[in-house]
Amino acid sequence: MARLWICLVSALILCLFALAFADDVVVLTEDNFEKEVGQDRGALVEFYAPWCGHCKKLAPEYENLGASFKKAKSVLIGKVDCDEHKSICSKYGVSGYPTIQWFPKGSLEPKKYEGERSAEALAEFVNSEGGTNVKIAKSPSSVVVLTPDNFDEIVLDEKKDVLVEFYAPWCGHCKNLAPTYEKVAKAFDLEENVVIANVEADNYKDIAEKYGVSGFPTLKFFPRNNKAGEDYGGGRDLDDFVNFINEKCGTSRNGKGQLTSKAGVVETLNSLVKEFISATDEDKKAVFNRIEVEAEKLTGSTARLSLWHHLIRKIYVKAAKSCLDKGADYAKNEVQRLERMLAKSINPAKVDEFTLKKNILSIFASDH
């Protein structure tokens, strides 16, 4: 009986936790659809399928819409998974995804939304239909906007690696790419020598002609060693862009902008670290001296992280010195401490610094 009560209490806590962190978009099902829709408030409903690519692209815009209207008591922003609740979608004539419909207050007779699929356009429609006046709070963009006034200054800077999207505002493919491109820019926000930019080439035709742009979107990469530019011919998913930039720019980021486990790791120093780990106590000092000498040679190009190479050099030398003074367990204990720190809410610059330290110390903590 005691175990049963513990299970029930645990389940209740999990439910409350889930409710506290529920999406701002109301999940509609066969059980609750008519309890939520067609009642005392208007409802905008997205009918979607989890596998639908267009639905995935709409998702961040729709979540933004839901968050913005969360406090508007006269409007509901909801969604229905048509794979799971086929009868609802069939009832309302849904034949493609995503389908967005507006249900007026007190009515189950919907009006189909045919407009642009952005949070701003959807909000304008809901405000018009629902008599609300809600504004979408725009988060600042990480994409650098180029014009004839700043194009050369930014793109042709020989200290920067620059990815440029040439786009037109009326271009459907450009609109589809926009949310992914924003995520790419966000992922490399902390890389001062990497710039993710775009230019409205339909408006600035001289720039488009200069770089042979004939269709939209066209993506060109301007590495620091080739300011003539080269075509980007890779995929257009977030990971495709991230992998391309990491390879070309020597960065080590993932799609969320976090440093990967390879960040800051220098192979020439790693081989010395392995020697250091396996050396006898008498020989460790000699290997440490070699680590110091090799670390002094470290440059941005060697480290593949030019903004961090001074810190990387310092971490390698300090880690070796601390292992020499404090014994073999130092590195393992320090890695555990850094993992605890990284689990806390800290600013992104500190996350980068601690990740670099953890990556390098993990090599010292290795048993072989």
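Which helix is the place of Tyr-330? Hi everyone, let's look together. Keep in mind that this is a predicted model. Tyr-330 sits in helix H14, which covers residues 329-342.

Is Tyr-330 buried or exposed? Its relative accessibility is 14%, and buried means under 20%, so Tyr-330 counts as buried. If we set aside neighbours within four places in sequence, Tyr-330 is in contact with Ala-319, Ser-322, Cys-323 and Leu-361. Gln-258, on the other hand, is 72 residues from Tyr-330 in sequence, and the two C-alpha atoms are 25 Å apart in space.

Staying with helix H14, we also find Glu-334 there. Its relative accessibility is 16%, so Glu-334 counts as buried too. The side chain of Glu-334 is joined to that of Arg-337 by a polar contact of 2.7 Å.

Now let's move to helix H10. This helix runs over residues 267-278, 12 residues in all. From first C-alpha to last, H10 reaches 17 Å, close to the 16 Å expected at 1.5 Å a residue.

Which residues of H10 are buried? They are Leu-269, Asn-270, Leu-272, Val-273 and Phe-276. These residues cover an arc of only 165° around the axis, and therefore lie on the same side of H10. Here is a handy rule: an α-helix has 3.6 residues a turn, so residues three or four places apart point the same way.

What do the buried residues of H10 pack against? Their partners are helix H11 (281-296), helix H13 (309-326) and helix H15 (348-365). The face of H10 turned away from that buried side carries the exposed residues Glu-267 and Ser-278.

Conventions. Residues numbered from 1 in each chain as written. Predicted model: local features only at pLDDT ≥ 70, side-chain atom pairs only at ≥ 80, totals over all residues. Heavy atoms only, no water. Helix = DSSP H or I, 4+ residues; strand = E, 2+ residues; numbered from the N terminus. Expected span 1.5 Å × (residues − 1). Buried < 20%, exposed > 50% of the residue type's maximum accessible area, 1.4 Å probe, protein only. Arc of directions from axis to C-beta. Contact = heavy atoms within 4.5 Å. Polar contact = N/O pair within 3.5 Å; in protein donor to acceptor, adjacent residues only side chain to side chain.
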